[in-house]
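The following paragraphs go through one model, element by element. Please keep the sequence and the coordinates at hand while reading.

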Amino acid sequence: MTHIGIPSSLFYYVYFPMWKVFFEELKNVKVVTSGETTREILDKGVSEALADACVPVKVFFGHVLTLRNKVDYLFIPRIVCLNRKTVYCPKFLGLPDMIRYGLSDMPPIIDVRIDTRKMRSAVYRAFNTVGQILQAKKQNILRAYLKARLAQFKFKRLLRRGWQPPEAMAAVLNGRKSNLPADPPGQLRFAVVGYPYIIHDRYISVDVINKLRRMGVSVVTSDNPPPLALRMQRYDCGKILFWTFSDRTLRAAHYFAKQGKVDGIIHLTAFGCGPDSIVDRFIQYNSSSHHIPFMSLSIDEHSGEAGVSTRLEAFVDMVRRKKGEKMNA
Ligand code: SF4
């Protein structure tokens with residue numbers, strides 16, 4: 001049995017269902033993940049990653065270290081571009097090298113490059129290469145790839161229906177019936193926008209989504225708008241942002257503001273993230289031009305439960321009061 005390690009961080013929140021199904025459809029392959037982020041994982045990452053790396057990259061290092069002695073291969077694809085327009089942040093492009101040269105005693109890394117700008121079939125070719133590395137037969141690779149795409153399709157369909165990635169992943173991979181989780185009773189609805197590996201990592205986001213739900217706020221995130229609507233959504237900054245996740249975050253924030261169905265927008269931003277310094281400002285300007293309350297919450301390795309809760313409570317109270325005043329006017 002070959003054990004493939006997939007760190008539960010960064011691309012994990014976007015492509016894990018597809019990757020897991022693909023690997024496990026190949027014979028004698030088992031996927032091992034590093035589990036949810038913990039204080040120990042974060043501390044390991046902080047001590048080994050470059051000091052000026054952003055928090056998500058430090059967390060990624062911690063997840064890789066957790067898998068180091070447990071797997072035969074680490075799967076860290078070099079995903080450059082998947083939509084033929086924008087590219088992933090340079091930190092993503094350099095991930096396999098950062099891990100290979102930054103950490104010692106690593107298992108071999110499967111780091112296939114995927115760039116659909118050069119070839120439309122780049123995704124299938126990458127999976128084919130991975131299958132060949134694992135010595136799978138051609139027809140097994142093709143079957144595994146088709147099943148993997150189907151799993152990813154189901155995952156995305158649940159996101160469009162309002163599920164969040166961790167819940168949708170559990171539903172797709174554990175075969176549970178797809179029912180939308182019930183919203184908490186309450187009038188407020190917030191959009192939480194940002195990178196999926198921050199919003200949905202319960203440890204580094206200090207569990208913002210569930211905190212809001214417990215305060216009676218229903219939550220939609222950048223992962224929920226229909227992909228076509230997002231592609232059509234425009235924003236005013238002269239040209240589109242180069243980086244895929246930044247572009248997507250900005251489009252999602254504009255989409256929610258334009259729809260006018262949210263009472264507030266919260267941008268979760270990572271300390272040490274270059275692109276976020278631009279994205280945050282644009283979201284703020286756009287929210288204020290639509291008269292939607294906005295809060296930016298910067299997450300770093302020292303973010304504390306109490307500080308985040310206090311800010312969220314204050315924001316929720318402010319929005320609730322404002323909405324009450326509007327209704328009584
Ligand atoms: S987009 Fe920002 S947070 Fe994400 S990997 Fe790049 S620098 Fe880090």
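What covers the buried residues of H8? Before the reply, some conventions are needed. This is a predicted model, in which local features need pLDDT of at least 70 and side-chain atom pairs count only at pLDDT 80 or more, while totals for chains, interfaces and linings use all residues. Residues are numbered from 1 along each chain as its sequence is written. Helices (H or I, at least four residues) and strands (E, at least two) are DSSP runs, numbered from the N terminus.

The cover of the buried residues of H8 includes helix H1 (12-25), helix H7 (138-160) and helix H9 (196-199). Contact here means that the C-beta atoms of two residues, placed from the backbone, lie within 7 Å. A residue is buried if 20 or more other C-beta atoms lie within 10 Å of its own, exposed if 12 or fewer, and partly exposed in between, again with C-beta atoms placed from the backbone. In helix H8 (residues 165-174), the buried residues are Pro 165, Ala 168, Met 169 and Val 172. They lie on the same side of H8 because they cover an arc of only 100° around the axis, the arc being that of the directions from the helix axis to the C-beta atoms. An α-helix has 3.6 residues a turn, so residues three or four places apart point the same way. Just after H8, Gly 175 takes a positive phi of about 70°.

A helix pair comes next. Helix H2 (residues 39-48) packs against helix H3 (residues 55-67) at an angle of about 110°, and their axes are 7 Å apart. H2 is therefore roughly perpendicular to H3. Axes are lines fitted to C-alpha atoms, for helices over the stretch in contact, and angles run from 0 to 180 degrees between N-to-C directions; those under 35 degrees count as roughly parallel, over 145 as roughly antiparallel, 65 to 115 as roughly perpendicular and the rest as oblique. The residues of this contact divide into 7 nonpolar, 4 polar and 3 charged. Ala, Val, Leu, Ile, Met, Phe, Trp, Tyr, Cys and Pro count as nonpolar, Asp, Glu, Lys and Arg as charged, and the others, Gly among them, as polar. On the H2 side the contact includes Ile 41, Leu 42 and Val 46, and on the H3 side Phe 60, Phe 61 and Leu 65 are among the partners.

H3 also takes part in the ligand shell: H3, helix H4 (90-93) and helix H13 (274-289) each supply at least two of its residues. The largest share, 3 residues, comes from H13. Of the 14 residues around the ligand, Cys 54, Cys 89, Lys 91, Ala 270 and Cys 273 come nearest, where a residue is near if its C-beta atom, placed from the backbone, lies within 6 Å of the molecule. The shell divides into 11 nonpolar, 1 polar and 2 charged residues.

Some single residues remain. His 254 lies in helix H12 (residues 244-259) and counts as buried, with 21 C-beta neighbours inside 10 Å. Leaving out residues up to four places away in sequence, His 254 touches Gln 233, Tyr 235 and Asn 286.

Most residues other than glycine have a negative phi. Asn 28, in the loop between H1 and strand E2 (29-33), has a positive phi near 60°. Asp 105, in the loop between helix H5 (95-102) and strand E5 (109-110), has a positive phi of about 55°. Asn 28 counts as exposed, with 9 C-beta neighbours inside 10 Å, and Asp 105 is exposed with 6 other C-beta atoms within 10 Å.
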